[in-house]
Structures are given as C-alpha cells and as structure tokens.
Amino acid sequence: QMGGIPTNIHGQVVTQDASNQSVVVNGLYAVGECSCVSVHGANRLGTNSLLDLIVFGRAAGNHIVAAHPERQHAHQPLPQESVDFSLDRVNKLETRTKGEKTQVVGNEIRNAMQQHCGVFRTVASLEEGVRKIDELAGKVDNIAFQDKSKVFNTARIEALEIDNLVEAAQATIVSAAARHESRGAHTVDDYANSVEFPNGRNDKVWMKHSLWYSEGNRLDYKPVVTKPLTVDTFKPKPRTF
C-alpha cells in the first residue's frame, strides 16, 4: 500500500475536523504498512516498509511511555451501537445459509483489480473497474458458508476477510479513478507528459492526500503537510530509476 491509516510522526491515528486540522484519536496508534505517516510521498520506495516499522514503531512506543494516553481520560463504557455493529456483522454470516461463495467473490475482486487497477492504467479502465468493484461489494454483502462450527473455522475467517478486502479494493480504485493525473505509482496513460501535465502530474490541483470513507463510499481530501519540511525544500520530481 502507498497509503493507509493517517497518523502523525508519533504513530497516533489522526482524523481531521471541518477546517482540515488534524485531530488525534487518543490511545489509538498505527505503524508499518497499515499506516500512512506521509513521509514517502506518492512514490514509496521498495523495502521501506521494514524501515518505516522500525522508526515509527519506536516513535510510537516512546510516545506511549512518555504521554501515558490511558491516563488522559477516565474509563468510558463501549457504546452499545459499536457492540451491535460488530455483532451484527458476524450474525449475518451465521444466520445466512444461501448466497455467494467466498472464494468465487474473492477471485472476482482480485481479477477486477488486476485488470483495471494494475501497473498500466487508463481513465476508461479505472472507471470500468470502479463499476465492477461496486457490483462485487454487493455480492460480498451476500456471502454465505455452510460450516458453522466454532473452533478453527477458516470458512468464517475467510468470509470476514473478504469483507475487509473489498473495502481495500474500493479505497484503492475509487481514489485512483478520481485522481486526474499521474503521480508516483499511479501512472495513467491519458495523462502523459505535456504542458498541462509536466511529468504527468498536476501539482496545482492534486498536491493533496486522498481520503476514502466506507460510509457512503465517498472521497475527501486533505492538503499535503508543509511544515516543518516544505515541498519547496524537497520538490516533487519525475519518477525515474
């Protein structure tokens, strides 16, 4: 992934308020490839994931020891709606006896992403991929399996995993289709090197992060952080080897 859960340099998960200011989610940390500290830009180099984990894993550990986030707020019971949401997700699978097969839908998701959101991209292919993944998301909602045993049930695990997989697919392809430029590994043939798109990029419009929300399958954006190191210090360059 060249993205993930937004975090700050301490590994704290952040959301943003109405004015695009980062808001820390107290006590929640993310490091490694599931997170996005935004230190690599659009072209995260290979093998950086381990280095990212070591550096920001230590940063998160140091921050937890120093800040004691667990002491900042008194204990609060888990909201009932959160419990109901999690239980409902499992109960739907447990009670459904007929529907789509996990392996079939999973393979369709993988094939659609490989065909429409791979290394070589076009606007038309991405838009068609968005439609296919949206259709497959409906199939995921109708997954069913026969084995309802409670011990080491890989069928249940796979069904829950496919629910996560389709969200990752939606986040990836919806964000890609909406970004009308080439940047980093997001290389779209329609946006070749030209006066309008030098090096394929459009820095005036797309120098920003894409944020995908599962609620409503919608996109939002936030600006690239410009302090303490600005994009003037490390100017974007063509992706070359």
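Is Asp203 buried, partly exposed or exposed? At 30% relative accessibility, Asp203 counts as partly exposed (buried means under 20% relative accessible area, exposed over 50%, and partly exposed in between, with a 1.4 Å probe and protein chains only). Keep in mind that this is a predicted model, where local features need pLDDT of at least 70, side-chain atom pairs count only at pLDDT 80 or more, and totals for chains, interfaces and linings use all residues. Residues are numbered from 1 along each chain as its sequence is written, and side-chain values use heavy atoms, with hydrogens and water left out.

**Salt bridges**

- The count comes to 10 salt bridges, each being a side-chain nitrogen of Lys or Arg within 4 Å of a carboxyl oxygen of Asp or Glu.
- Asp203 pairs up with Arg201 in one of these, at 3.0 Å from N to O.
- Arg201 is buried, at 9% relative accessible area.

- Helices here are DSSP runs (H or I, at least four residues), just as strands are (E, at least two), numbered from the N terminus.
- Lys92 is partly exposed at 44% relative accessible area, and Asp88 is partly exposed at 37%.

**How H3 and H4 pack**

- Two packed helices are described by the angle and the distance between their axes.
- For helix H3 (residues 102–116) and helix H4 (residues 123–140), the axes come within 9 Å and cross at roughly 170 degrees.
- Those axes are lines fitted to C-alpha atoms, for helices over the stretch in contact, with angles running from 0 to 180 degrees between N-to-C directions.
- H3 and H4 are therefore roughly antiparallel to each other (over 145 degrees; under 35 is roughly parallel, 65 to 115 roughly perpendicular, and the rest oblique).
- Contact means heavy atoms within 4.5 Å, and the residues making it include Val105, Ile109 and Met113 of H3 and Leu126, Ile133 and Leu136 of H4.
- By class, this contact has eight nonpolar, four polar and four charged residues (Ala, Val, Leu, Ile, Met, Phe, Trp, Tyr, Cys and Pro count as nonpolar, Asp, Glu, Lys and Arg as charged, and the others, Gly among them, as polar).
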